[in-house]
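Here is a short report to read alongside the model.

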Amino acid sequence: MLITELKSKETITSLASGKTFLIICHGCKEVSFPEKEAADLAKELGAEGKLTGSITTDYICNPENMKLRLEKHSSEIEAADTVLVCSCGVGVQTIAEYLDKKKVYACCDTYSLPGGQGVTPLEYDCDQCGECYLNLTGGICPITACSKSLVNGQCGGSKNGKCEVDPDMECGWERIYRRLEMVGRLDALKCPTQIRNFATDADIKK
């Protein structure tokens, strides 16, 4: 099981620069999701004139369902400078992969709890590690996409774009670099590594 929690208002405001499209996933039954807070966020962004549109749905980690829903809002998404996603890390990665030319940002952090987790048909994984790195790495998780879970860049051991630990696996940090380059965010790599607040995770589990 896992808990999905909205990031701080200040963080979300900083992400919603220019016009934005908002995607809210209520999640699977195994996920505790802040539905009211997400709805309030949509109302606030709408009142400020920042939204080009929004959708609220379940299971955005289901690619077929998600594709059909997003196609209905293609013009609104195209008009947006950024896409904000309220979901666990799997949902954010799914949207970032599909909208690979858009700046996609996570509005939530995800914390793990003992028990079962919802099943996704995709290979994306969320390590449920608390303060999320996805906004620094173009919607690709360095914890799960890198065999060594490096958060400070490529190790130097990859060859021809493949991981030295698993030759059948793409180097996660090469994927991150290509994604950031595609959306014009290579400057994000200049930022110092985000130090995770593990005390936050411990508080959630109490």
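Is helix 5 (residues 89-98) largely enclosed by the rest of the structure or largely exposed, and how many of its 10 residues are buried? Eight of the 10 are buried, so helix 5 is largely enclosed by the rest of the structure. Those eight are G89, V90, G91, V92, Q93, T94, I95 and A96. Here, buried means under 20% relative accessible area, exposed means over 50%, and partly exposed is in between, with a 1.4 Å probe and protein chains only. Helices are DSSP runs of H or I with at least four residues, numbered from the N terminus.

A word on what you are looking at: this is a predicted model, in which local features need pLDDT of at least 70 and side-chain atom pairs count only at pLDDT 80 or more, while totals for chains, interfaces and linings use all residues. Residues are numbered from 1 along each chain as its sequence is written, and side-chain values use heavy atoms, with hydrogens and water left out.

Now to the charged pairs. The structure holds nine salt bridges, each a side-chain nitrogen of Lys or Arg within 4 Å of a carboxyl oxygen of Asp or Glu. Three of them, including the pair K9 and E44, are set out below.

| Pair | N to O distance |
|---|---|
| K9 and E44 | 3.4 Å |
| K101 and D100 | 3.9 Å |
| E170 and R178 | 2.9 Å |

Take K9 and E44, which meet through their side chains. K9 lies in helix 1 (residues 9-15) and E44 in helix 2 (residues 35-47), so this pair ties together parts that are 35 residues apart in sequence. K9 is exposed, at 54% relative accessible area, whereas E44 is partly exposed, at 31%.

In the pair formed by K101 and D100, K101 is exposed at 63% and D100 is partly exposed at 26%.

E170 and R178 belong to a network of salt bridges that also links E174. E170 is partly exposed at 38%, and R178 is partly exposed at 39%.

Finally, the surface. Y177, L186 and L189 make a nonpolar patch of about 240 Å². Patches are made of residues with over 30% relative accessible area and no salt bridge, with nonpolar side chains (Val, Leu, Ile, Met, Phe, Trp, Tyr) joined within 5 Å and like charges within 9 Å. Accessible areas come from the Shrake-Rupley method with a 1.4 Å probe, and for residues only the protein chains shown count as cover. Y177 sits in helix 7 (residues 172-182) and is partly exposed, at 40% relative accessibility.

Definitions and conventions: Helix = DSSP H or I, 4+ residues; strand = E, 2+ residues; numbered from the N terminus.
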